[in-house]
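I opened this entry to record what I looked up around the ligand and in one of the sheets.

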Amino acid sequence: MPHTAPVHTRRADAVPLRQVVPSLLRDPAQALVEFGERSRGEVVKLNLGSFRPYLVTRPEHLQQVLREKAANYVRAGDGLQWRPLKRLFGEGILSDGEYWSNSRHILQPLFTARRIDNLVDRLAEAIEDAVDELDAPARAGQPVDMGTEQARIVCSAIMRVFFADKISVPDAMKIMQAQDAIAWSVMPRIMVPWAPLAVPMPGDRAFRRAVRLIDDTLMPIVRASRETAESDGDDIISTLWRGRTEDGSRLDERQVRNDTVAMVATTTETTISVLTWLWPHIEQDPLIAERLYEEIDRVVGDAPVRREHLRELRYTRQVLDELLRLYPIGWLFPRRAVEADVLGGVRIEAGSTLVVSPLITHRMSMFWDRPEVFDPDRFAPERARSRHRYAHFPFGGGPHQCLGMHLFYLEATLIVATLLSRYRFRLQRPAVPGIKVAAALRPLERVELTLRPVRSAAA
Ligand code: HEM
């Protein structure tokens, strides 16, 4: 459907190149937020040389792009973030069009709220088992790297429950390291998106090496699963092999590979990255830590965490929402306008790229009071209700809304509740690290902690 422009449209204001590039190179997270502040919620153009995407920050505009006119704003395969990453994920659940809709249709039933709720006890047990391994360093007072420990805990739970142990935990950890290398090595291409792929850039070689490692690890597993898919349970890889596309055919090996790689990345990396920020924030704010500990002690006590506890852990959920506000791991997801449109009074030409970033909207003072302060009370139910749906949109929205949202809240709550019901924590370097902007948002420094078992602490 053609989008007709009202009479009084205008051209977008532009943020000039001489301001955009140096600040992006200095501190990308800060620079992005400053562009947002400067836009005052209007649709503006960022001048990145030959590439000039529109920046969209206002919740009403985001709703139009992500949901109301989603058919006109497609996931940009040639945009900022997806083109570099497309070399890893290819066509499938993380692309758009027919490939995407076939994958989405096949994978969606695995992640419905009801199915995930049914998996709670299995996830809880797997997490409990993985957390047991922290007892030894806790008793010895030996510091642990929380990024690595969370990766181990998440991989143990996810590989058992969603991949039927077809991928071993050590293999999953190797893949995580490769994902880490990828997240970092694509940054030059994300920051200089107009550079042709044929022109070599820093990071390219590390990127290729990491993709090869992921393929070498996963391809034999993907191929072997094809043989057993019909009799297997509903792990992700078998489900992909058994799935039917709209015209009744099967996915080909390439797409099963692409979706397996995508699902390993999304089910692990996301939760780990977000939770790593919890520790510095609760160390910095003892009142928040105290409320969190009080809730978990009251609801869970010294029993293992179970399904019936989750609904009661309301403050824990607010803490997670506040972490997702400040550190939304999907920090940038570009869209391409198929046809011309008008957004907030600004003419959008067909074919142009739009930058949508929860990191920016979530930190703009127009939409949030004292946005830099970590304050889980923002998500107290009555305050959350009065806010625009797209003021807080860490999981996106519309047809591409994150498939794993329910899983995230459930799994993250289980992990936080299990850890905090068993240990008290002390940061080795008590400060909230800066943000390392890569394909994900990571702390600039490692988050190292010492743990104290709660039982002996109480004694
Ligand atoms: C901290 C947790 C997470 C955050 C912040 C997050 C964020 C997002 C966002 C913003 C999108 C939309 C991207 C776009 O519109 O272009 C997305 C899509 C997606 N997420 Fe997540 N995600 C998280 C966890 C997970 C988990 C645990 C899974 C596991 C199933 C997952 C699987 C996916 C998939 C498959 C898509 C693509 C959906 C589609 O295009 O149809 N995510 N996620």
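For the entries below, I took a polar contact to be a pair of N or O atoms within 3.5 Å. The model I examined is a predicted one.

Entry 1: I looked up arginine 75 and found a polar side-chain atom 2.8 Å from an oxygen atom of the ligand. For arginine 335, I noted a distance of 2.6 Å between a polar side-chain atom and a ligand oxygen. I then turned to histidine 400, where an N or O atom of the side chain lies 2.7 Å from an oxygen atom of the ligand.

**Entry 2: the shell around the ligand.** Helix 14 supplies the largest share, five residues. I listed 24 residues around the ligand, of which Trp100, Arg104, Arg335, His400 and Cys402 come nearest. By class, I recorded 15 nonpolar, six polar and three charged residues in the shell.

Entry 3: I traced an open sheet whose three strands run in the order 5-13-10, with antiparallel pairing. Strand 5 (144-145) and strand 10 (423-427) are its edge strands, each pairing on one side only. I followed the antiparallel pairing of strand 10 with strand 13 (residues 448-453) and noted five bridges. Within this pairing, I found phenylalanine 425 opposite leucine 451 of strand 13.

Methods: Residues numbered from 1 in each chain as written. Predicted model: local features only at pLDDT ≥ 70, side-chain atom pairs only at ≥ 80, totals over all residues. Heavy atoms only, no water. Pairing = 2+ DSSP bridges. Helix = DSSP H or I, 4+ residues; strand = E, 2+ residues; numbered from the N terminus. Near = heavy atom within 4 Å. Polar contact = N/O pair within 3.5 Å; in protein donor to acceptor, adjacent residues only side chain to side chain. Nonpolar A, V, L, I, M, F, W, Y, C, P; charged D, E, K, R; others polar.
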